[in-house]
Amino acid sequence: MVQWTCAPAPGVLIVAAAVTCASAASVVMQWPSAAYPDPRTQPLECGNYTSQLGKLKFRNQSDLLFCDPGKDLERALNRDQLMIALASLKMWEKEFGMYHCGPFGAKVGVAFVPRGAGAIQRVAAEIASAWGLDDATGLLVALRGGDRPAVAFAGGLLADPSAFEAAHGDWQAETLRLATARLRAGSPGTAVEVALAGLADAIGGGPGRGMPTGLVGTLAQVEQEMLGTWDTEYQAAELWKSACAEELCLEFFLDDVRQFSDRFERYYHEAMAFPALNILASSGKPPTKVLMLGGGDGGIAKCVLSFSSVERMVLLDIDPMVSELARTYFPDMSRSLSDPRLELSHVDAIAWVNEHSISQTEHFDLVLIDFTDAPLESGWSSDFFNAIKLLMTPTGILVQNIGTMMEKGGLWRLLEKHQQAFHSTYLLTTNIPDYQSDYMLALSSVSDIDPWNIEWAMWEQRNIHTKYYSPDLHYALFAAPVSTLRMVRLPVESEPSLPTSFRDVDWSLGLDDDPTIREKVLGETGGGVNFGFSVVRHERGYCDPLLPRNQCRSIREGKRPILSAFTQHQEEALTIPAMNILGKRARRILVLGGGTGFIASLVVQYPQVEKIMVVDAAGDLLDIIKEFFPTLNNSMHDPRLQFVEAEAYGWLQNRTDEFDLIVVSMVPSPWAPTRPTTRVPMTSRFLATLRRMLAPHGMLAQAAATIQTPKHLARLTALHRAAFSSGSVWPIVHTLDNIVYYGDALDGRFVRPPGFSLLSSPTEFDPNDVDWARWREVNISVFRYSPNWHPALFVLPMEIQRLLRAPPPESGYRAAKAASGAGSASMRLAAAKEDLAPVARVAIVARGCLAERLSTAAETLALLRELANITGIAPAEEVSRELAAGGRWAASVASGSRLEVQMWPSSGSAAIDIVARSIIGSSTVDRLRRVAEDRLGCTGGTSVQRIQSDIGDGDEGDSAAMSASGVCSAA
C-alpha cells in the first residue's frame with residue numbers, strides 16, 4: 001500500500017486506499033507498480049462505482065476493468081465526466097464485448113495513474129500485464145492528469161496487425177493527441193471517450209465509424225409517439241414521431257396505413273414520377289401537361305414540376321385535410337402546392353375523369369394515380385381506365401401505384417385492367433422504405449414506348465438531386481422478380497434482357513392463389529440462447545415444393561422471422577450471385593448461420609460443389625426442419641454437407657480450411673438486447689480471419705444492414721474495403737419485409753426495406769461476369785432471383801451510392817444499352833458485356849532469375865495457377881509448355897484470357913505476359929510482381945507495363961456522408 005503524507009495537490013490522482021495528511025505540503029510518494037489496484041480484486045480501491053455501473057446496466061460488471069483510485073473523474077469541474085467515461089465503456093461493451101463477439105471482441109481497461117509514476121507508456125504496459133490485458137484480446141487506456149497530462153495505449157491486441165487493418169494513418173498519435181488535449185482542458189471523462197472512440201475506429205471501420213453515434217444502436221430507446229389525429233368524412237389521419245435511418249422523423253398515416261415519412265418520402269415519389277418523365281422527354285415530345293389523381297400532399301407534384309417542360313399540372317384530391325396537414329408538417333415536400341403551374345382541386349377524381357372524358361376538352365401527356373392502398377373497389381373498372389385513355393395524348397403514359405405481392409388479387413386485377421385498356425403495360429418493382437416490399441407500380445402507354453431508350457444527357461442537365469432514382473436504377477426498376485413473372489405466367493428470361501411488357505398475358509387463366517390461407521401456429525420450441533422458435537403456417541411463408549400450396553410456413557425467433565418468403569429473397573441475393581460469378585470455381589462452401597437449411601438447399605443444386613459446411617449454434621432448428629420442411633431437410637442430409645452445432649466465432653479460431661465461398665448469414669440487430677445471436681463482430685480481425693480462409697479467387701458474402709441502419713452499413717463496408725484492399729467489394733441491395741419487433745406501436749422502427757449485403761473477394765472481379773449458359777444448364781430452383789434481377793442487385797438507391805461511394809458496375813445496364821445502340825429491340829446484357837469487357841494486359845520483365853525454378857512441369861503449372869488465381873482467371877482449361885533453344889516457354893489459356901511465361905537461362909531473364917478480360921488493378925499488379933520475383937528467385941530488378949481499356953482504379957477513399965437533404969427540383 002502506498003502511504004500519502006498529505007492531501008493531494010490539484011491534478012494528482014490518488015492511488016492509495018489509506019491517506020495520512022499532516023499538512024498542505026506537496027505530496028511525497030513512491031510508485032511500485034504492484035501497488036496499483038486491480039479492479040477485479042480491489043473494487044473499493046479503484047473507486048467502487050457499483051451504483052453508477054448499475055444505472056448503465058452492464059451485462060457483466062466483472063469484465064469491466066476500470067480504476068480511478070484518486071476519483072479524478074468525480075473531482076472534475078464538469079460533474080458529468082464520470083458518467084461520460086462509464087457510458088463510453090458501456091458502448092464499447094455493446095460493440096466489442098467478448099460476451100457476444102467471442103475471440104473477435106476486445107477486453108478494455110481504463111486506468112488513471114498518478115503523477116510521478118514514471119514514463120506513462122511503461123506504466124501502462126505494467127498495468128496491462130497485471131490486469132491480464134497482455135493477451136491477444138486485451139487493450140488498456142492509461143491516463144495521467146495534472147500539469148503534465150498524458151495518455152498511452154497498451155495490451156496484447158496492439159501486437160496483431162490484422163486487428164487494425166481498418167485504421168487510417170497514424171491513428172494512435174492522433175487519438176493520443178486529442179485525448180491528452182481533453183485532459184489538459186480538465187475533462188478526464190471526455191478524454192476516456194475520445195481514447196475509446198479512437199481504438200474503436202482503428203479496429204472497427206475507420207474514422208468516425210467504430211463507436212456508434214446518434215441513434216445507431218439505441219433505436220430501441222426512441223419512443224414512437226402519436227402527435228395528432230384528424231378525422232374527415234373521407235378518412236382518418238395520424239401524425240407520428242418515429243425513427244428513420246437513425247434519425248428522428250415524422251410519419252403520416254391514413255386509415256392506419258403509412259403514407260410517407262419525411263425521411264423516405266422521396267423514394268416513392270421519385271419512382272412514381274421520374275421514369276415516365278424521362279421516357280416522355282426522350283421521345284422527342286417532352287411532357288407539358290400532367291394530370292394527377294390523389295397525391296394531395298404534393299410530394300409527386302414536386303418531382304413532376306422539377307421538369308421545366310411541364311406548363312400545367314392538374315391535381316385532384318378529394319380531401320383538403322391532406323393538403324393542409326402537408327403544408328403544416330411537411331413544408332419542404334408540399335411546397336409544390338404553391339407552384340403557379342399547379343391547379344389544385346379538392347373534388348372526386350373518379351367523377352372528374354368520367355365527366356371530362358366525355359367532353360375531351362384537354363389531353364395530358366402524363367397521368368399519375370396515387371390513391372391510398374384501399375380505394376373504392378368499384379373505381380377500378382374497365383370503363384374508368386378507358387376514360388383515362390381518352391384524356392391522354394397519343395404518346396401519353398399512365399403510372400399507378402398498384403400494391404404489393406401481399407395482395408396478389410388486387411395486383412392481378414389492376415394489371416389486367418391496364419393491359420386491356422392500353423397498348424403496353426410494364427411493371428416497376430420498387431424498394432420503398434415506408435411500405436411493404438416489393439411495392440409495385442404499373443406504367444402503361446397509349447402507344448409503343450421504349451423504356452430503355454433514355455437521353456441521359458438531358459436528365460443530367462436538369463441537375464436534380466435525388467435520393468432514390470438514378471439512370472441505372474431506372475433500368476433496374478423494370479427487372480420483375482421471378483415470383484411476379486410466375487404469377488402472371490410470363491416467361492423467366494435465361495439471361496439479362498429488355499423489360500417485358502404485359503401485353504401477352506392470358507388473363508383468362510385467372511390467378512393461382514389460395515384465399516383460404518390463414519396464419520396458424522403449428523409448433524413451438526424453447527431456444528436456449530434464443531427466444532425460442534415457432535413454426536407458423538402463413539401465406540408469407542416458405543412454400544416448400546413438397547407441400548401443398550396452402551401449407552406455406554415460416555419460422556420465427558420471438559417476432560423475428562428466421563425463415564419466410566422475405567428471408568428467402570435475402571438469402572438468394574446473398575448466395576446465388578456469388579455462386580454464379582464463381583461458376584465452376586465454387587466447390588467448397590462455408591455457411592455461418594443458415595441453420596434453416598435454405599442456403600444449403602440452394603448450394604446443393606450446383607453440381608460442381610464438393611463440400612458444404614454449415615455452422616450454427618441453434619441445433620434445435622434441425623428438429624423443426626425435419627418435422628415441417630421436407631425439402632430443406634433433404635438438403636441438410638446431402639452427403640456433401642456437414643452441419644456443425646457451435647458458436648461460429650469460437651469455431652473459426654485456428655481453422656486451416658480453405659473455401660471458395662463463405663456466406664455469413666447472421667444478421668446484426670444492434671437495437672436488440674446484446675447477445676451472440678443479435679451481434680456480428682464489427683472488427684478487422686473477424687474479416688481478416690474470414691479472408692485467410694478464402695481461396696485467392698474466393699468470395700465472402702455477408703448480410704450487412706437495412707436502410708434503417710445506414711451508419712452500420714457504411715462501417716461494415718469500410719471494414720470490407722480494408723480487409724479486401726487488393727480486391728473488390730460490391731454492395732448488394734435486396735428486398736426485405738417490414739418487421740415488427742418487441743411490441744412496436746408501428747412497424748419499421750428497426751427494419752425497413754431495402755436490405756443490403758456485401759460481396760467481397762481478394763481478387764478484383766466484375767459482378768456482371770456470369771456464364772448464363774451454365775446457369776441455364778444448372779437450372780436452379782429459385783423464388784426470386786433471375787438473370788434480369790442479377791444486375792439490379794448491384795444498383796443501390798442514389799443516396800446509398802453516395803454514402804458508400806459505390807456506383808453500379810461499369811458493365812451494368814447503361815453500358816449494355818450503349819453497346820446495343822439506340823432503339824434496339826433485342827438488347828442482351830450478356831452480348832453487351834462481351835463487347836464492352838475491358839481488355840487488360842500486364843507485362844512483367846524480371847532479371848537475375850534462377851532458371852532451375854522453371855525446369856519442371858509441376859513448377860511451371862504451380863506458377864501459372866498462382867498467377868491465374870491472383871488475376872481472377874478461371875482454372876486453366878489448356879496448358880502448354882515448350883522447351884526452345886536458349887529459352888523455356890509456357891502458356892495457359894482459359895475463358896478468353898491468356899498467361900505466358902518465358903525464361904532465358906543464359907541471361908537469367910524472365911518475362912510474364914498476361915492478357916485478361918477482367919479488371920487488373922494496381923494492387924493486383926503489385927502482387928503479380930512479388931509472386932514472379934519470389935517464384936523465379938529474381939533479384940536483379942523488375943519492370944512492369946500495364947495496359948488497359950476503359951478501366952479505372954476506382955475510389956477506395958473513405959465514404960462521404962449520406963445526404964440528409966436535397967429536393968426533387970433543380971439544384
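**Exercise 1. Decide whether Glu93 is buried or exposed, then find its salt-bridge partner.**

Step 1. Glu93 has a relative accessibility of 17%. Buried means under 20%, so Glu93 counts as buried. Keep in mind as you work that this is a predicted model.

Step 2. Now look for the partner. The side chain of Glu93 meets that of Lys90 in a salt bridge, at 3.4 Å from N to O.

Step 3. Lys90 is at 17% relative accessibility, so Lys90 counts as buried.

**Exercise 2. Work out where the partners Lys289 and Glu362 lie, and how each one is covered.**

Step 1. Start with the bridge: the side chains of Lys289 and Glu362 meet at 3.8 Å, N to O.

Step 2. Find them along the chain. Lys289 is in strand S11 (residues 289–294), while Glu362 is in the loop between helix H12 (349–359) and strand S14 (364–370). The pair links distant parts of the chain, 73 residues apart.

Step 3. Compare with the cut-off for buried, under 20%. Lys289, with a relative accessible area of 30%, is partly exposed, whereas Glu362, at 18%, counts as buried.

Step 4. Widen the view. The count of salt bridges comes to 32, and some that share partners join Glu251, Arg258, Asp434 and Arg752 into one network.

**Exercise 3. Describe how helices H6 and H7 run relative to each other, and which kinds of residue meet between them.**

Step 1. Two packed helices are described by the angle between their axes and the distance between the axes.

Step 2. The axes of H6 (residues 171–184) and H7 (residues 188–204) come within 7 Å and cross at roughly 170°. Angles over 145 degrees count as roughly antiparallel, so H6 is roughly antiparallel to H7.

Step 3. List some of the contact residues. H6 brings, among them, Trp171, Leu178 and Arg182, and H7 brings residues including Val194, Gly198 and Leu199.

Step 4. Sort the residues of this contact: 10 are nonpolar, 3 polar and 1 charged.

**Exercise 4. Find His790 and say what surrounds it.**

Step 1. His790 sits in helix H26 (residues 789–792).

Step 2. With 0% relative accessibility, His790 counts as buried.

Step 3. Leaving aside residues up to four places away in sequence, His790 touches Pro577, Ile581, Pro767, Asn768, Val770, Trp772 and Tyr785.

Conventions. Residues numbered from 1 in each chain as written. Predicted model: local features only at pLDDT ≥ 70, side-chain atom pairs only at ≥ 80, totals over all residues. Heavy atoms only, no water. Helix = DSSP H or I, 4+ residues; strand = E, 2+ residues; numbered from the N terminus. Buried < 20%, exposed > 50% of the residue type's maximum accessible area, 1.4 Å probe, protein only. Contact = heavy atoms within 4.5 Å. Axes fitted to C-alpha atoms, helices over the stretch in contact; angles between N-to-C directions. Parallel < 35°, antiparallel > 145°, perpendicular 65-115°, else oblique. Nonpolar A, V, L, I, M, F, W, Y, C, P; charged D, E, K, R; others polar. Salt bridge = Lys/Arg side-chain N within 4 Å of Asp/Glu carboxyl O.
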